[in-house]
Amino acid sequence: MGTTKMFLNSIEDTFIITTRNLKRYVRLPQLLFFSSIQPVMFLLLFNYVFGGALGKAITVPGGKYINYLLPGILIQVVMFGGVQTGIGLADDMGRGMVDRFRSLPMSRLAVVAGRTLSDSIRNLSVTIIMVSVGLLLGFRFQIGLINGLYMAIAAILFGFALSWVFAFIGMSVKDSETAQISSFLMIFPLTFASAAFVPIATMPRVLQAFARNQPVTFAVEVTRHFAIGTPANGAVWKLLFWTIGILIVFVPLSIRQYKKRSV
């Protein structure tokens with residue numbers, strides 16, 4: 001009975017922290033605006049700068065590079081959202097928020113889980129914005145809106161898992177600036193050495209081996225499969241394996257690191 005009560009209390013505390021983080025976007029709407037404008041700029045730049053050349057070189061259902069590009073940009077968006085998780089936690093610790101939480105009778109899990117959940121909700125709102133902009137640029141779901149929903153779910157769940165990775169990074173460094181720099185050092189190789197923007201077959205052979213076997217490529221292949229019907233080639237199960245594996249490893253690590261920093 002005591003374990004059940006603790007579990008229910010943890011859920012309630014997580015909900016409260018999630019609500020607290022979401023209210024920041026109501027009080028500071030510029031945070032949501034600027035977190036949305038960056039991926040929109042990426043979408044516009046890649047579509048109009050590279051779309052002319054790459055659109056002719058890549059065979060895309062629907063015949064437009066934007067159909068190939070948008071699923072890759074969505075994965076980049078949720079990865080950037082995960083970075084904000086680490087930065088936010090590092091900032092909370094630097095400003096003494098953790099000390100305030102420690103003085104309250106609340107679950108240790110709630111602070112980290114609430115942050116990852118609120119950032120996942122923000123990722124959902126940014127995903128809606130990105131798809132809306134993509135539709136204006138000519139993007140079309142090639143195999144139905146239901147599969148488009150699966151695309152968004154796959155991206156959000158992958159981003160949720162990565163949020164725990166960046167949460168661990170954010171709580172392992174001393175300030176938010178270091179959290180941002182260290183997270184971007186991880187993001188850029190994974191994003192650009194993947195199937196997000198160009199076919200892997202166009203890369204050098206050594207890079208191809210890395211790109212074909214890393215989680216961002218699986219995430220892009222899954223979202224692209226649901227968006228425009230390209231072959232998944234087993235990427236759905238591979239992405240599921242990576243997502244569950246990341247959560248199994250980094251949820252305990254993040255909670256342990258939070259407790260360590262809270263002492």
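Val111 lies in helix α5. In this predicted model, local features need pLDDT of at least 70 and side-chain atom pairs count only at pLDDT 80 or more, whereas totals for chains, interfaces and linings use all residues. Residues are numbered from 1 along each chain as its sequence is written, and side-chain values use heavy atoms, with hydrogens and water left out. Helices are DSSP runs of H or I with at least four residues, strands are runs of E with at least two, and both are numbered from the N terminus. Val111 is buried, at a relative accessible area of 5%. Buried means under 20% relative accessible area, exposed means over 50%, and partly exposed falls in between (1.4 Å probe, protein chains only). The C-alpha atom of Val111 is 10.0 Å from that of Asn21, a residue 90 positions away along the chain.

Side chains of opposite charge can pair when their charged atoms come close. The structure holds two salt bridges, each defined as a side-chain nitrogen of Lys or Arg within 4 Å of a carboxyl oxygen of Asp or Glu. One joins the side chains of Arg115 and Asp119 at 3.3 Å, N to O. These two residues both lie in helix α5, four residues apart, or about one turn of the helix. Arg115 counts as buried, because its relative accessibility is 5%. Asp119 is buried too, with a relative accessible area of 0%. A salt bridge also links the side chains of Asp119 and Arg122, at 3.7 Å, N to O. Asp119 and Arg122 are three residues apart in helix α5, so about one helical turn separates them. Both Asp119 and Arg122 are buried. Through shared partners, the salt bridges join Arg115, Asp119 and Arg122 into one network.

A cavity is a set of points, on a 1 Å grid over the protein atoms alone, where a 1.4 Å probe fits but cannot get out; lining residues have an atom within 4 Å of a point. Grid points are joined across faces, edges and corners, and a volume is the space filled by probe spheres set on the points. By this rule, the count is one cavity of 30 Å³ or more. The largest cavity has a volume of about 30 Å³. Its lining consists of Asn21, Arg24, Tyr25, Arg115, Ser118 and Asp119. Helices α1 (2–27) and α5 (108–137) are the elements that give two or more residues to this lining.

Leu45 lies in helix α2 (residues 29–57). Leu45 is partly exposed, at a relative accessible area of 48%.

The chain as a whole contains ten helices and zero strands. Of its 263 residues, 49% count as buried. Mean pLDDT, the predictor's confidence in each residue from 0 to 100, is 85 for the chain, and 88% of residues reach 70 or more.

Definitions and conventions. 1 Å grid on protein atoms, 1.4 Å probe; cavity = no way out; pocket = protein on both sides within 12 Å on 5 of 7 lines; lining within 4 Å.
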